[in-house]
Amino acid sequence: MKAEIIAVGTELLLGQIVNTNAQFLSEQLNALGISVYFHSVVGDNPDRLAAQLAIAHSRSDLVLLTGGLGPTKDDLTKEVVARHVGRSLKLEPQALKRIQRFFEARQVPMTENNKRQALIIDGARVFPNETGLAPGMAVKHEGVHYLLFPGPPGELKPMYFKYARPYLVELSPDQHVVHSKVMRFCGIGESALESRLLDLINNQTNPTIAPLAKEGEVTLRLTSFAKSKADAEQKMASLIREIQARVGKYQYGWDEETLEEVLVRQLHHNNLTVAAAESCTGGLVCHSITRVSGASQVFPGGIVCYANDVKMGELGVPPEVLGQDGAISERTARILAEEVRKKFKTDLGVSVTGVAGPEQQEGKPVGLVFIGVAGEHKTRVYKVNVGGLRHTVQTRAAKLALFYLIRTVKELVGNQSG
């Protein structure tokens with residue numbers, strides 16, 4: 001099934017509102033194994049919307065429209081779609097009652113134009129709006145399904161999950177369960193991950209694979225269609241094993257897990273503790289860890305050693321190291337990780353030092369970062385380049401520090417069990 005999304009509203013074209021609805025719907029459709037081929041934005045103009053609908057009808061099986069269901073004259077989506085499918089509009093009694101109750105409860109007179117929000121396309125399946133006024137709807141015309149949603153995300157999202165998603169699942173009557181799992185990766189970019197899995201992605205059928213890049217990490221959403229959840233899990237099992245055989249060392253978690261949640265859980269489970277020394281990340285690693293409930297049992301604290309005086313005074317970095325190698329160096333990262341571990345008497349120490357930007361430091365480029373992870377018997381320093389704007393460098397560096405800690409804990413546990 002080929003899908004496309006049409007967002008309606010001049011305010012989108014003017015940049016006054018960000019089109020988050022398209023992102024949300026694309027993500028949800030991919031989770032159902034429905035491929036989104038096109039996004040478009042059309043202003044509040046009936047002729048241009050009609051032209052866009054004609055194009056969509058010629059190339060897609062499923063067309064989702066957002067916005068333009070309100071009470072004003074420029075809310076024309078229903079009217080244009082009705083003309084496109086050759087049907088009339090009619091008042092939907094339950095929607096009208098809801099609108100009337102809304103104004104009665106607020107003791108505000110209901111203007112006549114608000115009845116427009118209760119209009120639906122004749123014969124359409126209605127999606128009640130439980131968080132707003134204008135209902136959504138679905139109508140089929142010449143083999144193409146048209147789904148209409150209100151523009152406010154707070155109305156669209158609940159409507160999608162309660163009414164539209166079941167409708168979409170019904171379009172595949174032989175597949176009663178849509179089951180998804182998300183594999184979460186760090187330490188590898190989206191393009192590198194995809195290149196190692198390209199044959200699997202190109203040949204996907206059921207399960208489907210949907211890569212998604214986030215700030216500093218990558219996810220793969222696997223979606224299986226089957227008679228039951230158990231059948232869906234079975235369909236995914238061999239694909240998961242193949243993915244892990246190729247890129248498993250970069251996987252840190254599943255579904256909605258975060259790096260910090262996985263790290264704190266692993267530290268708890270293995271009775272380990274960690275302390276942090278941060279320069280360029282300015283406390284982001286500490287902040288991430290302490291967002292997790294129970295972190296105090298595995299994380300006694302850290303030091304933001306932004307200035308060289310702090311690196312020397314609090315963590316014992318020799319002046320000659322800073323003079324010869326610089327604050328942004330493998331030796332400095334190593335010393336910081338080892339010294340913060342000693343200072344807080346923890347099993348592990350992690351350090352981050354680098355060039356966040358916007359300008360070079362010590363003749364070194366923006367995005368160059370050294371991450372040190374120290375244990376009782378071994379210290380490892382990772383040299384990475386995480387280009388981007390200042391906040392991007394800091395975020396990616398902090399996430400990599402958490403990831404390398406997770407990897408270190410796994411190695412420690414593996415060595416002990418071996």
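Visitor: Which residues of α12 meet residues of α14?

Guide: In this predicted model, Lys311, Glu314 and Leu315 in α12 meet Thr332, Ile335, Leu336, Glu339, Val340 and Lys343 in α14. By type, the residues of this contact divide into four nonpolar, one polar and four charged.

Visitor: At what angle do the two helices pack?

Guide: Helix α12 (residues 308-315) and helix α14 (residues 330-344) pack at about 45°, and their axes are 10 Å apart. That angle makes α12 oblique to α14. The crossing of α12 past α14 is left-handed.

Visitor: Now for the inside. Where do nonpolar side chains tend to be in soluble globular proteins?

Guide: They tend to be buried together. Here, the largest nonpolar core has 39 residues, and Val285, Ile289, Val350 and Ile371 are those with the most contacts inside it. Several elements each supply at least two residues of this core, among them α10 (259-269), β13 (274-278) and α11. The largest share, eleven residues, comes from α15. A second, separate core has 23 residues, including Phe149 and Tyr167.

Visitor: What is Ile289 in contact with, leaving aside its neighbours within four places in sequence?

Guide: Its contacts are Glu260, Leu263, Val264, Val274, Ala295, Phe299 and Leu402.

Visitor: And is Val298 buried or exposed?

Guide: Val298 is buried, because its relative accessible area is 2%, and buried means under 20%. This residue lies in the loop between α11 (284-290) and β14 (302-304). Not counting residues up to four places away in sequence, Val298 touches Val264, Leu267, His268, Leu272, Thr273 and Val274. Take Val264: it is 34 residues from Val298 in sequence, yet the two are 7.0 Å apart in space, C-alpha to C-alpha.

Terms used
Residues numbered from 1 in each chain as written. Predicted model: local features only at pLDDT ≥ 70, side-chain atom pairs only at ≥ 80, totals over all residues. Heavy atoms only, no water. Axes fitted to C-alpha atoms, helices over the stretch in contact; angles between N-to-C directions. Helix = DSSP H or I, 4+ residues; strand = E, 2+ residues; numbered from the N terminus. Parallel < 35°, antiparallel > 145°, perpendicular 65-115°, else oblique. Left-handed = near helix turned anticlockwise from the far one by under 90°. Contact = heavy atoms within 4.5 Å. Nonpolar A, V, L, I, M, F, W, Y, C, P; charged D, E, K, R; others polar. Buried < 20%, exposed > 50% of the residue type's maximum accessible area, 1.4 Å probe, protein only. Core = buried A, V, L, I, M, F, W, Y, C linked by side-chain atoms within 4.5 Å.
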